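Please walk me through this structure, starting with one of its helices and ending with the cores.

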Amino acid sequence: MNPRRPWIVGVSGASGTPYAAAVLRGLLDAGESVDLVVSRASRLTLLDETGISFRDARWQDDLREWLGRGADGKPGTFTVDLSGVRYWSAGDLAAGPSSGSYPAKGMLIVPASTASVAGVALGLSKDLLQRVASVTLKERRPLVVAVRETPLNGQTLAHLVTLDAAGAVVLPASPAFYAGATHIQDLVDFVAGRVLDAVGVPHRLYRRWEGELGASRTDAPD
């Protein structure tokens, strides 16, 4: 039996919790194991964007409700199996992923706030999310930073350059429109798909460009 080697997903306080939900669903649909870290700030964002209170003691119930919602907030849109998920509290600096000896494939920070970007770039490790990102970099594992902020000031741009130089993939949460999006979920899934592309996880979240102009329009229903 192969040992469990999860992808670690860190959710920071930036707006964009539907991006995190889509990435988590994509990983689970691909049969991947997931370790989840939800920052304290992200709980406020999640409450504001979805009305869901994310609680350590009831994380499975709250996560199931969160991942079941579509990007439009409609409950019961998706059905998810959480058997592959392990949750770590953001304040638990003794958690498994805080050590480089913990077996992990890499880390995805979705969405990434400018505060989390700065903390990782400066090596602050003020919470588990930042600590795991630092461990991921030092162990030369894949790190994807899906920054969600606009406009970006010079300090943040410098921090992103630092992360790029350290080996991270800086992936702005920028939806594309060539895939023929007709719903907000399509735009969210495009970003989530690009995050998964960056670490080689297969998915069918968006229509890929094949060099044919207008293909998304010709396939649209009448």
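In α5, the buried residues are L128, L129, Q130, V132, A133, S134, V135, T136 and L137, where buried means under 20% relative accessible area, exposed over 50% and partly exposed in between, with a 1.4 Å probe and protein chains only. Helix α5 (residues 128-138) is largely enclosed by the rest of the structure, because nine of its 11 residues are buried. Helices (H or I, at least four residues) and strands (E, at least two) are DSSP runs, numbered from the N terminus. After α5 comes R140, which has a positive phi, near 60°.

This is a predicted model, in which local features need pLDDT of at least 70 and side-chain atom pairs count only at pLDDT 80 or more, while totals for chains, interfaces and linings use all residues. Residues are numbered from 1 along each chain as its sequence is written, and side-chain values use heavy atoms, with hydrogens and water left out.

Two packed helices are described by the angle between their axes and the distance between the axes. For helix α4 (residues 114-122) and helix α6 (residues 154-165), the axes come within 9 Å and cross at roughly 50°. Axes are lines fitted to C-alpha atoms, for helices over the stretch in contact, and angles run from 0 to 180 degrees between N-to-C directions. α4 and α6 are therefore oblique to each other; angles under 35 degrees count as roughly parallel, over 145 as roughly antiparallel, 65 to 115 as roughly perpendicular and the rest as oblique. The crossing of α4 and α6 is left-handed, a term for a near helix turned anticlockwise from the far one by less than a right angle, with right-handed used if clockwise. On the α4 side, the contact (heavy atoms within 4.5 Å) is made by T114, V117, A118, V120, A121 and L122, and on the α6 side by T156, H159, L160, T162 and L163.

By class, the contact of α1 with α7 has 11 nonpolar, two polar and two charged residues. Here Ala, Val, Leu, Ile, Met, Phe, Trp, Tyr, Cys and Pro count as nonpolar, Asp, Glu, Lys and Arg as charged, and the others, Gly among them, as polar.

Next is α3, whose buried residues are W59, D62, L63, W66, L67 and G68. Among the elements that cover them are β1, α1, β2, α2 (40-50) and β3. In the loop between α3 and β3 lies V80, which counts as buried because its relative accessibility is 16%. The C-alpha atoms of V80 and G68 are 6.7 Å apart, although 12 residues separate them along the chain.

Finally, the largest nonpolar core has 39 residues, of which L27, L36, F54, L63, W66, L67 and L108 touch the most other members. A nonpolar core is a set of buried Ala, Val, Leu, Ile, Met, Phe, Trp, Tyr and Cys residues joined through side-chain atoms within 4.5 Å. The largest share of this core, eight residues, comes from α1. A second, separate core of 24 residues includes I8, W88, M107 and A133.
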